[in-house]
Amino acid sequence: MYDVYSIREDFPVLREVIYLDSAATSQKPVQVADAVSEYFKRYCGNYGRGAHRLSKMTTEKYEDAREDVASFLGLPAKKSIFTRNATESINMVALGMDWKKGDNIITAVVEHHSNLLPWIRLREKGVEVTIVDSDDKGIVSPASIEEAITERTRLIAIGHVSNFFGSVQDIKSISKIAKKHGVKFLVDAAQSAGEMQIDFRGLDIDFLCLPGHKGLLGPQGTGILYIREPERLSPVYVGGGTIKTVTLDEFSFDEIPSRFEYGTPNIPGVIGLGRAVNYVKDIGVESIESHLKAVSGYCVKRLSEIPQVEIYGPENRGSLVSFNVRNVNPHDAAMILDETKKICVRSGQHCAQTALARLCISGSIRASFGCYTTMEEIDALAESVEMIAKAFS
Ligand SMILES: Cc1ncc(COP(=O)(O)O)c(C=O)c1O
C-alpha cells in the first residue's frame with residue numbers, strides 16, 4: 001500500500017508549502033540532506049587524488065554512488081558518467097561526436113531547449129538537423145522519425161517525456177528504428193528517470209542523458225551520461241582527472257569513466273544522489289509510477305471541470321499537467337497561487353518554446369508532481385484555479 005503521508009514525513013518543507021513544481025526540481029528527503037551533511041562533517045576530501053584516509057573514503061563513497069545509481073537505472077557502472085545536469089550530458093555528446101559536413105541529426109519540435117540547441121548549433125559545422133513534428137498532444141510518431149532518416153543520419157535525439165505536454169514517446173519503437181538503420185539513439189530521460197519503470201538494458205540506447213535532481217530526488221548539480229561505446233566519444237574537457245600520462249608534447253586519456261569526469265566533481269552532490277536512488281528504490285519505482293499516474297489523472301479531471309481552463313497534452317502522460325486559464329497571464333496565475341495558498345507551480349515557456357509555438361501559445365501554467373504529492377494538494381490547486389478563473393472572467 002502506497003503511504004504518501006509517511007513519505008511526506010521525510011520532506012519537512014512540504015509542511016510549509018504545496019509544492020507542484022517537481023518537473024523543475026524535486027524536493028529532497030532528509031536522508032539525502034543527511035548524506036551530504038555527513039560528507040562535509042566527517043570525511044570531506046577530494047576524489048581519486050590522494051593516499052590519505054579522507055581522500056580514500058571520499059573516493060570509495062563516490063564510486064559506491066556510481067554503482068548504486070547505475071544499478072538503479074539498469075546501466076553498467078563503468079559506462080555511467082557523472083555530469084552536472086542533463087544539459088551537460090547532452091552537450092557532451094553533441095560536442096564529443098566526430099561530425100562531418102552533411103551528417104544528419106533527427107530531433108523533434110517538442111524537445112526541451114537542452115535537447116534542441118546543442119543540435120541546432122551543429123548547423124554551424126555543416127551538420128543538417130531535421131526537426132520532426134508532433135501531433136497537437138505532443139506525441140512524436142516513430143513512423144515520422146523513420147521517414148526522416150536519410151543515408152547521412154547519424155543520430156536520433158528524443159526526450160522520453162515532454163516537459164511541457166507530458167507526452168510519453170515510444171522510445172522502444174524508436175530504438176528499434178534506430179537499430180534497423182544503423183543510427184545512434186540518444187534519450188533525454190529528464191522527466192522520466194525515477195518516475196517510470198524503464199529497463200534501459202532492454203533498449204538499444206547509445207546515449208542516455210538525465211539529471212539527478214528531478215525524479216531521482218538527488219541534489220542539484222548532478223546528472224548522468226550513459227555512453228554505450230565510450231571509447232568512440234571524445235571527451236569535451238581535458239585537464240586534471242582525465243589523463244593517465246602527460247609530457248610537454250602529448251598526453252594519454254585515463255580509463256573510462258574518469259576521462260570524461262574533468263576537474264573536481266560535485267562530490268557532495270553525487271554522494272547525495274547515491275543515497276537518493278536508494279530512497280527511491282526503497283519506495284519502489286513501480287509504486288511511484290502508479291501513484292503519479294493517479295495524481296496526474298486526478299489533476300486533469302479536477303481542472304477539466306473548470307470551463308475556463310484549457311489543458312494541453314495527451315491522456316496518457318507523465319507526472320505533469322500544463323494548462324491555461326482564459327484571460328489570465330500564466331505568471332499572474334502562478335503569483336496568485338503562491339501568494340494566496342503557497343501553491344508553487346511553474347509558469348512561462350518551460351524552456352520549450354518550439355513545443356509551445358506548436359500550439360501557438362507563448363506560455364502556460366504547469367503543475368508537476370513527485371512521489372510525495374497528495375490528492376488534497378490537487379484539490380487545493382483546483383479550488384484556487386477555479387477562484388482565479390471566476391475572478392478574471
Ligand atoms: C525534458 C528535459 N530535458 C532536459 C532538461 C534539462 O535538465 P537540467 O536542467 O538538469 O540540465 C529538462 C529540465 O527541465 C527537461 O525537462
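Reader: What radius of gyration does the chain have, and what would a compact globule with 393 residues have?

Author: The radius of gyration is taken over C-alpha atoms, and the globule rule is 2.2 Å times the number of residues to the power 0.38. For 393 residues a compact globule would come near 21 Å, and the chain, at 22 Å, agrees with that. This is a predicted model, in which local features need pLDDT of at least 70 and side-chain atom pairs count only at pLDDT 80 or more, while totals for chains, interfaces and linings use all residues. Residues are numbered from 1 along each chain as its sequence is written, and side-chain values use heavy atoms, with hydrogens and water left out.

Reader: How many of the contacts in the chain join residues at least 24 apart?

Author: A contact means heavy atoms within 4.5 Å. Among contacts between residues at least 6 apart in sequence, 68% join residues at least 24 apart.

Reader: Is Gln 27 buried or exposed?

Author: Buried means under 20% relative accessible area, exposed over 50%, and partly exposed in between (1.4 Å probe, protein chains only). Gln 27 counts as buried because its relative accessibility is 18%, and 55% of the 393 residues of the chain count as buried.

Reader: Where does Gln 27 lie, and which residues does Gln 27 touch?

Author: Helices (H or I, at least four residues) and strands (E, at least two) are DSSP runs, numbered from the N terminus. Gln 27 sits in the loop between β1 (18-19) and α2 (30-43). Not counting residues up to four places away in sequence, Gln 27 touches Phe 11, Val 13, Leu 14, Tyr 19, Leu 217 and Tyr 372.
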